Amino acid sequence: MASSSPDSPCSCDCFVSVPPASAIPAVIFAKNSDRPRDEVQEVVFVPAGTHTPGSRLQCTYIEVEQVSKTHAVILSRPSWLWGAEMGANEHGVCIGNEAVWTKEPVGEGEALLGMDLLRLALERSSSAQEALHVITGLLEHYGQGGNCLEDAAPFSYHSTFLLADRTEAWVLETAGRLWAAQRIQEGARNISNQLSIGTDISAQHPELRTHAQAKGWWDGQGAFDFAQIFSLTQQPVRMEAAKARFQAGRELLRQRQEVMMGILRDKESGICMDSGGFRTTASMVSVLPQDPTQPCVHFLTATPDPSRSVFKPFIFGMGVAQAPQVLSPTFGAQDPVRTLPRFQTQVDRRHTLYRGHQAALGLMERDQDRGQQLQQKQQDLEQEGLEATQGLLAGEWAPPLWELGSLFQAFVKRESQAYA
């Protein structure tokens with residue numbers, strides 16, 4: 001499968017703040033998922049599971065070998081595919097991925113999407129470093145490739161990842177099956193649709209340097225700058241635009257890393273995207289306390305445009321179940337992603353919260369007074385969730401475990417009721 005023009009819209013931004021850069025003793029992770037503006041993103045909870053030895057697992061396009069045990073995960077994903085744009089697992093591992101084009105050609109056939117690799121890593125790892133090993137191992141075995149959009153026109157890219165846990169973060173950048181990784185043990189870091197690892201490489205594919213030398217991209221003598229060596233000489237328009245977002249994001253992160261939601265809502269920088277056929281379709285912020293006795297809190301929107309969405313808290317625990325209002329309908333064997341040739345028809349994947357939220361956005365634009373009232377309801381609901389989780393982390397609120405586990409479902413239900 002050939003890739004479409006790399007000038008096609010494709011963009012995302014990921015952020016992480018590691019103490020002492022964080023204002024609190026926690027690693028803070030955040031991501032905006034920027035996708036085709038009408039694409040629906042759902043929030044899916046998958047419980048931990050045990051699996052029969054030798055069993056197979058169907059990902060978006062191909063099957064892979066299943067492992068004996070998988071961890072519970074919460075995923076924010078385009079509803080037509082198996083993987084995810086961002087998510088977290090019960091051990092406090094968070095991952096977000098980005099599209100990038102490099103000197104290495106995009107694979108022609110169907111393989112694992114970067115989003116598949118992200119979900120597989122969350123299901124199979126208990127730390128950010130272990131997740132990195134899972135992704136690179138799968139990449140070596142299966143490769144990456146396949147259409148990344150729900151469209152008959154092919155559109156493929158390579159992936160970069162930001163991985164975080166309670167103690168550290170990793171940036172993992174790929175070029176085909178090759179890769180380089182950078183460990184972040186303190187400070188703040190962001191990624192944005194471009195290679196960003198220079199000479200500070202903490203781990204790498206064993207053939208990375210010999211491959212670059214064989215291609216004539218590196219003389220084998222000077223400093224090995226991964227981004228400089230593997231980036232396209234003639235950058236696509238979108239990757240040039242990503243440079244400005246990357247710089248703006250880095251500056252915003254330096255100024256106010258403790259308010260990640262504000263960064264994700266920043267429209268002036270383009271981080272909160274609403275441009276032509278693309279927009280920010282979902283957002284996520286996670287607080288990962290360094291104290292292992294405190295729960296990790298993950299805030300997810302499940303709706304487009306974080307500047308007009310509610311970040312709702314999710315905590316792993318007893319009573320966690322799928323919130324039906326943020327789950328898209330399924331189409332089984334008749335799904336256009338399953339029938340060959342793929343994507344010849346379109347289906348309606350809008351979930352209940354998405355429908356209500358889109359109606360609310362329309363009201364905000366048509367009727368200023370009623371729109372302001374509705375937006376105030378959104379802000380009040382989000383503030384209630386923030387205050388509750390702040391009280392939890394400060395030891396001021398100790399609800400029963402079942403109440404923590406059902407927190408996200410409760411906030412989704414209340415938001416749906418507000419739109420109804």
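Modeller: Let's start with Arg77, which lies in strand E8, residues 73–78. Helices (H or I, at least four residues) and strands (E, at least two) are DSSP runs, numbered from the N terminus. Please keep in mind that this is a predicted model, where local features need pLDDT of at least 70 and side-chain atom pairs count only at pLDDT 80 or more, while totals for chains, interfaces and linings use all residues. Residues are numbered from 1 along each chain as its sequence is written, and side-chain values use heavy atoms, with hydrogens and water left out.

Is Arg77 buried or exposed? Arg77 counts as buried because its relative accessibility is 13%; buried means under 20% relative accessible area, exposed over 50%, and partly exposed in between, with a 1.4 Å probe and protein chains only. The side chain of Arg77 reaches the backbone oxygen of Trp82 at 3.2 Å. That is a polar contact, meaning a pair of N or O atoms within 3.5 Å; within protein, one must be able to donate a hydrogen and the other to accept it, and residues adjacent in sequence count only if both atoms are side-chain atoms. If you set aside neighbours within four places in sequence, the contacts of Arg77 include Val40, Gln41, Glu42, Gly83 and Arg119, where contact means heavy atoms within 4.5 Å.

Now widen the view to the whole strand. E8 is largely enclosed by the rest of the structure, because 6 of its 6 residues are buried. Both faces are covered: Val73, Leu75 and Arg77 are buried on one side, and Ile74, Ser76 and Pro78 on the other.

Next, the partners of E8. Strand E3 (residues 41–46) pairs with E8 in the antiparallel sense over 6 bridges; two strands pair if DSSP finds at least two bridges between them. Val43 has Ser76 of E8 as its bridge partner. Strand E9 (residues 86–89) also runs antiparallel to E8, joined by 4 bridges, and there Ile74 stands opposite Ala88.

The structure holds 11 aromatic pairs; rings of Phe, Tyr and Trp (its six-membered ring) pair if their centres lie within 6.5 Å, with planes under 30 degrees apart counted as stacked, over 60 as edge-to-face and the rest as tilted. Trp80 and Phe343 have ring centres 5.4 Å apart and planes at 90°, so this pair is edge-to-face. Trp80 sits in the loop between E8 and E9, and Phe343 in the loop between strand E19 (312–314) and helix H7 (352–366), so the pair ties together parts that are 263 residues apart in sequence. Both Trp80 and Phe343 are buried.

Another edge-to-face pair is formed by Phe314 and Phe408, 6.0 Å centre to centre with 75° between the planes. Phe314 belongs to strand E19 and Phe408 to helix H10 (residues 407–419), so this pair ties together parts 94 residues apart in sequence. Phe314 is buried with a relative accessible area of 1%, and Phe408 is buried too, at 3%. Ring pairs link Phe45, Phe314, Phe316 and Phe408 into a cluster.

Finally, the setting: the protein chain has 10 helices and 19 strands, and buried residues make up 59% of its 420 residues.
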